[in-house]
Amino acid sequence: MRLLQTKMPSGLFALGILLALAVSIEAAPRAILVEEVKNDRSSFYVRVDVDRSDRTYVVGETVQINAVSEKTGYLYLFYLQADKKVVCLFPNKVQRDNRISAKTKITIPARDSGFRLRVSDPVGTEILKAVVTQQPLKSLDIEILTKSNFTSINDNDAKAISVEADATESQEWAEHQVSIKTVKTASERKSRQQTHRRIAILIGISDYKDSRIPELRICHLDSKKMGETLRKYGKFDEVFSLVNEQATLKNIEALIRNKAAKITKPGDEVLIFWSGHGDSIADVDGDEKDGRDELLVPYDANREDLKGTCITDDMFGRWLLALDGRKIVVLLDACKSGGQANNEKGLNQQKSIVEGFDFLDGEFARTKDIGQKQAAVLASSRASQISLVRLEGDLSVMTYFLIERIKSTNGQLTLQQAYEHLSKDIPRYVKAKFPGYSQTPVLIGNEDLDFNFKK
């Protein structure tokens, strides 16, 4: 998609070939804006989207962009084209004031902008990136950005944005990007729509690098058995597994945020399974109702720096934004528990439950507010409970009963049906085998998500 300044009979402008006359821009700005301008520790969420749910456009069609921020701030919208040129679409000549209100959708271009974004050659994969800051960016001159309907971003501009982002407190800015696909013909789009993929990401951690983190006996087996079940009954196109020393923070992020986003498209299905330690720490961002940040503990976590070496719910929520438009199901067999008996998952060594564990509960409520709704979590226990391993020593309780239900239904099991069955199976088993304990699964996020374990 490229920008054209040829006036339409209707008085509108369209996307086209004029930008080919602009100064050539190498791949550097694209790489800088996409890879370097990222923030996992912001205190708020931002979302950018387009007017086609499949995010696929045919040459000649127009594109409408929507952006929304969880907090009031200053919006900058960058478009990274297939020809590797980069432009700033917002603010622009008509939409000069880039200060946006919290949870208020901004449409680009505005109806009275006098130009439209129309797809033309070259086609390919392109990226829209929204950045919202609490203070205006000093590295971009607002007077220059508002002289035209769009402004080219050169190498120096991109580097300056990256440097300023690095120097800014992480809580004070946020970003989000989505890929769109441009194609030459409607038949190409139809073919792309008919290709429906579903992938599974399985993480199971029993052993930890830090000897101060208690080992678990069964979590790697949870991952293995769940993978076998999904392959046989779920007909997943690809199943990726990270167990024990493979399940580092870096590897988990790369698999969820980068690879899964790259090999799937809007409308595809992504299932993420986790079996391992959970914990919680004091919230420093002020965005948690209970004053705690829940987290998942990767293999290489440091007991003395859980905030810096674990996966917080805020961080995980941002990773899932990279999968925006997909149907996302997270199966979470972990908890923040007060005890550390052989059959419990959690780091706290005390024998009383101090905090609950409601990973992604608040985050899904927040991302729903800005339009991301195709995601749900099936968690193994309520916030105030622990998650147990079966006395038989074969699997964790939730993992075992979920696998059994998938097998007994030959995979014809919806997410809601799985939750309903587990709500009976798990409490019944725990009551019989663990007197004095209770474990009740929880379904949060988009509880009505249309997901079936069998394709």
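Helices (H or I, at least four residues) and strands (E, at least two) are DSSP runs, numbered from the N terminus. What I am showing is a predicted model, in which local features need pLDDT of at least 70, side-chain atom pairs count only at pLDDT 80 or more, and totals for chains, interfaces and linings use all residues. Residues are numbered from 1 along each chain as its sequence is written, and side-chain values use heavy atoms, with hydrogens and water left out.

Confidence comes first. pLDDT is the predictor's confidence in each residue, from 0 to 100. The protein chain has a mean pLDDT of 85, and 86% of its residues reach 70 or more. Over residues 3–27, pLDDT stays under 50, and the model has 65 contacts (heavy atoms within 4.5 Å) beyond four places in sequence for them. Residues 349–356 also stay under 50, with 22 such contacts. Where pLDDT is low, the predicted coordinates should not be read in detail.

Now the sheets. Two strands pair if DSSP finds at least two bridges between them. Strand β15 (residues 198–204) runs parallel to β16, joined by six bridges. Ile-203 stands opposite Leu-242 in β16.

Another open sheet has three strands, β3-β6-β10, paired antiparallel. Its edge strands are β3 (46–50) and β10 (106–108), each pairing on one side only. Five bridges join β3 to the antiparallel strand β6 (residues 65–69), and Asp-49 has Asn-66 in β6 as its bridge partner.

On a 1 Å grid over the protein atoms alone, a cavity is a set of points where a 1.4 Å probe fits but cannot get out, and a pocket is an open set with protein on both sides within 12 Å along at least five of seven lines; lining residues have an atom within 4 Å of a point. Grid points are joined across faces, edges and corners, and a volume is the space filled by probe spheres set on the points.

The largest pocket holds about 710 Å³. It is lined by 29 residues, and those closest to its centre are Ser-179, Ala-261, Lys-262, Ala-322 and Arg-326. Which element gives the largest share of this lining? That is β14, with seven residues. By type, the lining has nine nonpolar (Ala, Val, Leu, Ile, Met, Phe, Trp, Tyr, Cys and Pro), 13 charged (Asp, Glu, Lys and Arg) and seven polar residues (the others, Gly among them).

The second largest pocket holds about 270 Å³. Its lining divides into one nonpolar, seven polar and eleven charged residues.

Finally, there is one cavity of 30 Å³ or more, and the largest cavity has about 40 Å³ of space. Helix α9 (residues 361–369) gives the most to the lining of this cavity, three residues.
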